[in-house]
Amino acid sequence: MKIEGINPAAAQLPVDNVAPRVSNGEPASTQAAAQDWTSFHSDSTSVQSLTSQALNSPEIRQGTVDALRQTVSSGQYQLDANKIAAAISNSGQ
C-alpha cells in the first residue's frame with residue numbers, strides 16, 4: 001500500500017536534527033518541521049495471559065454450529081439477498 005504525501009527522506013531524519021515546533025506567530029511554512037512518534041508498551045504478563053486465553057478458546061463454537069444446523073434442517077433459515085449484497089459491497093471498505 002502506498003500513502004501519498006509522505007517524504008521518505010524526511011522520515012529518516014535523526015531526532016536530534018528536528019527542531020521543536022514553536023508557535024511564534026509566523027506562518028507555518030517558516031516553522032521547523034516536526035515529527036510524530038508513538039510507542040507501544042506491553043508487559044510479558046499481559047501478553048502471556050492473552051496468549052493463554054486465545055489458545056484455550058474452543059476453535060469451533062459448537063453451540064452456535066448446532067443451533068444453525070437445526071435452523072437450516074427445519075427450513076427456518078431464510079436468506080435475505082439485500083443483506084447479502086450490502087455485506088459484500090461493504091466488505092471492501
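The legends below describe close-up views of a predicted model of one protein chain.

**View 1. Overall fold and conventions.** The protein chain holds 4 helices and 0 strands. Read from the N terminus, the order is α-α-α-α. Helices (H or I, at least four residues) and strands (E, at least two) are DSSP runs, numbered from the N terminus. Residue numbers start from 1 along each chain as its sequence is written, and side-chain values use heavy atoms, with hydrogens and water left out. In this predicted model, local features need pLDDT of at least 70 and side-chain atom pairs count only at pLDDT 80 or more, while totals for chains, interfaces and linings use all residues.

**View 2. Confidence along the chain.** The mean pLDDT (the predictor's confidence in each residue, from 0 to 100) is 75 for the protein chain, and 65% of the residues score at least 70. Helix 1 (residues 8-11) has the lowest confidence, with a mean of 49. Helix 3 has the highest, at 94. Residues 16-20 have a pLDDT below 50; beyond near neighbours in sequence, this stretch makes 7 contacts in the model. A contact means heavy atoms within 4.5 Å.

View 3. Of the 93 residues in the protein chain, 1% count as buried. Buried means under 20% relative accessible area, exposed over 50%, and partly exposed in between (1.4 Å probe, protein chains only). Areas come from the Shrake-Rupley method with a 1.4 Å probe; for residues, only the protein chains shown count as cover. Helix 2 covers residues 44-56 and has 13 residues. The number buried among them is 0, so helix 2 lies largely in the open. From first C-alpha to last, helix 2 reaches 18 Å, close to the 18 Å expected at 1.5 Å a residue. That expected span is 1.5 Å times one less than the number of residues.

View 4. Helix 3 has 12 residues and reaches 16 Å between its first and last C-alpha, close to the 16 Å expected. R69 and D66 both lie in helix 3, 3 residues apart, about one turn. Their side chains meet in a salt bridge at 3.6 Å, N to O. The rule is a side-chain nitrogen of Lys or Arg within 4 Å of a carboxyl oxygen of Asp or Glu. The count comes to 1 salt bridge. R69 counts as exposed because its relative accessibility is 51%. D66, at 37%, is partly exposed. G75 follows helix 3 with a positive phi, near 80°.

**View 5. Nonpolar surface patch.** L68, V72, Y77, L79, I84 and I88 form the patch, with about 610 Å² of accessible area together. Patches take residues with over 30% relative accessible area and no salt bridge; like charges are joined within 9 Å, nonpolar side chains (Val, Leu, Ile, Met, Phe, Trp, Tyr) within 5 Å. Helix 3 (62-73) and helix 4 (81-90) each supply at least two of its residues. Y77 sits in the loop between helix 3 and helix 4. With 44% relative accessibility, Y77 is partly exposed.
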